Amino acid sequence: IGALPVHVAERDVREGLLFRLPPYKNPPAIDIWLVRNPAASLNQAEREFIRILEYRIEETPIENRSYGNDQIFPLESPV
C-alpha cells in the first residue's frame, strides 16, 4: 500500500493492475519531501541532479505541484 501520483497510477488502475483504496473522493493530501544529507559526498552527476530538483521545486508554483480534487480521475471500488 502506498501513495502514487494520479498520473502515474491511472493507466495501471484502468488495466486492473492496481486498485485504489477509499476514500474515492477528496483523498487526503500527501506531502512529499526532498530529503538529503548535506554532509554526504556526492559525485558531479548526483550534485547536478539535486540542483535540478531544487531549482524545479523552487521555480514551480505550488498550484502547479498539487492535485486539486478536479484532477482526481474517477474510480469506483473494484468490489
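Colleague: Let's start with leucine 53. Is it buried, partly exposed or exposed?

Modeller: Happy to! This is a predicted model. In it, leucine 53 has a relative accessibility of 29%, so it counts as partly exposed; the buried class stops under 20% and the exposed class begins over 50%.

Colleague: Which helix does leucine 53 lie in?

Modeller: Leucine 53 is part of helix H2, which covers residues 44–59.

Colleague: OK, switching topic. How many helices and strands are there in the protein chain?

Modeller: The protein chain has two helices and zero strands.

Colleague: Tell me about H1, then. Which of its residues are buried?

Modeller: Val6, Ala9 and Val13 are buried in H1. Looking down the helix axis, the buried residues of H1 sit within an arc of 75°, so they line one face of the helix.

Colleague: What's exposed on the other side of H1?

Modeller: His7 and Arg11 are exposed there.

Colleague: And valine 8, where does that one fall?

Modeller: Valine 8 is also in H1, which runs over residues 6–14. Its relative accessibility is 44%, so valine 8 is classed as partly exposed. Valine 8 also belongs to a nonpolar surface patch with Leu4, Leu17 and Leu18, and together they have about 350 Å² of accessible area.

Colleague: Which residue follows H1, and what is its phi like?

Modeller: That's glycine 16, with a positive phi near 80°.

Colleague: Zooming out, what share of the residues is buried?

Modeller: Of the 79 residues in the protein chain, 9% are buried. The accessible surface of the chain is about 7,300 Å², and carbon and sulfur atoms contribute 56% of that.

Colleague: How much of the contact set links residues 24 or more positions apart?

Modeller: Counting contacts with a separation of 6 or more, 66% join residues 24 or more positions apart.

Colleague: Last thing: what does the confidence look like?

Modeller: The mean pLDDT of the protein chain is 81, and 84% of the residues score at least 70. Residues 75–79 are a stretch where pLDDT stays under 50. For that stretch the model has eight contacts beyond four places in sequence.

Colleague: Great, thanks for the tour!

Notes:
Residues numbered from 1 in each chain as written. Predicted model: local features only at pLDDT ≥ 70, side-chain atom pairs only at ≥ 80, totals over all residues. Heavy atoms only, no water. Patch = residues over 30% accessible without salt bridge, like charges linked within 9 Å, V, L, I, M, F, W, Y side chains within 5 Å. Areas by Shrake-Rupley, 256 points an atom, 1.4 Å probe, with all protein chains shown as cover. Salt bridge = Lys/Arg side-chain N within 4 Å of Asp/Glu carboxyl O. Helix = DSSP H or I, 4+ residues; strand = E, 2+ residues; numbered from the N terminus. Buried < 20%, exposed > 50% of the residue type's maximum accessible area, 1.4 Å probe, protein only. pLDDT = per-residue confidence, 0-100. Contact = heavy atoms within 4.5 Å. Arc of directions from axis to C-beta.
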